[in-house]
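Subject: Handover of a structure

Dear colleague,

Please find below the structure that I am handing over to you. My notes on what was found in it follow.

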Amino acid sequence: MIDLQALTQAVGDLDEKAIITMIEDFVATNPSGEEAQKIVFACQQGMGIVGELFEKNEYYVGDLIFAGELLSKTIELLKPVLNDVATEKVGSIVIGTVQGDLHDIGKNIFGSMAEAAGFDVYELGVDVSPSAFVEKVKEVKPQIVGMSGVLTLAIDSMKETVKAITEAGLRDSVKIIIGGNPVNEDACKQIGADAFTTNAAEGLKTCQGWVS
């Protein structure tokens, strides 16, 4: 089994070569889906290190973007193994970065992990208007709506989106989870969401709880 601490550290160090080698060696051992989920969690913890170094001004925006790309690459390599965990569909999620915000690293990681866990994921992209969320919810009737944002203005956009979903008479049929840097318990209440997350793995756990 892969050394999870070493993997977490390699992600924190942005050591692409070490990460890819470890993941490829791991996949070659024909591991179980559960083992693969542990790998994803170790990578998430590595992203935590990247975030801390960014806050200390030791890493820059470019490093954050690179870390996100690395994690996406890792999930891609693990997908065949992760897909073994869930061949049957467990539910559906509509996700998007809210209006006025263009950040998508966290959303993309969450989307990849949700897909691997057996969800149908409907990806709306970035700078998504409240009406676009409403239209998609009407069209695909998901159990869950995920809204992401990194800028402080995202809070207002999330609030507007929940309001639009409610006014369209769709609020009772969906659970809403919000994610990103500015979200916390207070913001969650203010926005009218059911849950918030700043960690893709934790957010996925919440969603799995809703559909189980």
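Which backbone oxygen lies 2.9 Å from a polar atom of the side chain of Thr8? In this predicted model, that oxygen belongs to Ala42. Thr8 is part of helix α1, which covers residues 4–12. Its relative accessibility is 14%, so Thr8 counts as buried, the limit being under 20%. Leaving aside residues up to four places away in sequence, Thr8 touches Ala42, Gln45, Gly46 and Ile49.

I turn next to the sheet. Five strands form an open sheet in the order β2-β1-β3-β4-β5, and their pairing is parallel. At the edges are β2 (119–123) and β5 (195–197), each of which pairs on one side only. On average, neighbouring strands of this sheet are turned by 25° against each other, direction ignored. Strand β4 (residues 175–179) pairs with β5 in the parallel sense over three bridges, and Ile178 stands opposite Phe196 in β5.

Helix α6 (residues 130–140) packs on the sheet, where it touches β1 (91–97), β2 and β3 (144–148). The direction of α6 makes about 165° with that of β1. Helix α9 (residues 200–211) lies across β1, β2, β3, β4 and β5 and runs at about 175° to β4.

The last topic is charged side chains. Side chains of opposite charge can pair when their charged atoms come close. The count of salt bridges in the model comes to six, and three of them are described here.

- Glu76 and Lys79 meet through their side chains in a salt bridge of 3.3 Å, N to O. The two residues are separated by about one helical turn because they are three residues apart in helix α4 (residues 61–85).
- Lys107 forms a salt bridge with Glu123, with 2.9 Å between the closest N and O atoms. Lys107 lies in helix α5 (residues 105–116) and Glu123 in strand β2, so this pair ties together parts that are 16 residues apart in sequence. Lys107 is buried at a relative accessible area of 4%, whereas Glu123, at 40%, counts as partly exposed.
- Arg171 and Asp194 also meet in a salt bridge between their side chains (2.9 Å, N to O). Arg171 is in the loop between α7 (154–167) and β4, and Asp194 is in the loop between α8 (185–191) and β5; the pair links distant parts of the chain, 23 residues apart. Arg171 is buried, with a relative accessible area of 15%, while Asp194 is partly exposed at 36%.

Yours sincerely

Conventions:
Residues numbered from 1 in each chain as written. Predicted model: local features only at pLDDT ≥ 70, side-chain atom pairs only at ≥ 80, totals over all residues. Heavy atoms only, no water. Helix = DSSP H or I, 4+ residues; strand = E, 2+ residues; numbered from the N terminus. Buried < 20%, exposed > 50% of the residue type's maximum accessible area, 1.4 Å probe, protein only. Polar contact = N/O pair within 3.5 Å; in protein donor to acceptor, adjacent residues only side chain to side chain. Contact = heavy atoms within 4.5 Å. Pairing = 2+ DSSP bridges. Axes fitted to C-alpha atoms, helices over the stretch in contact; angles between N-to-C directions. Salt bridge = Lys/Arg side-chain N within 4 Å of Asp/Glu carboxyl O.
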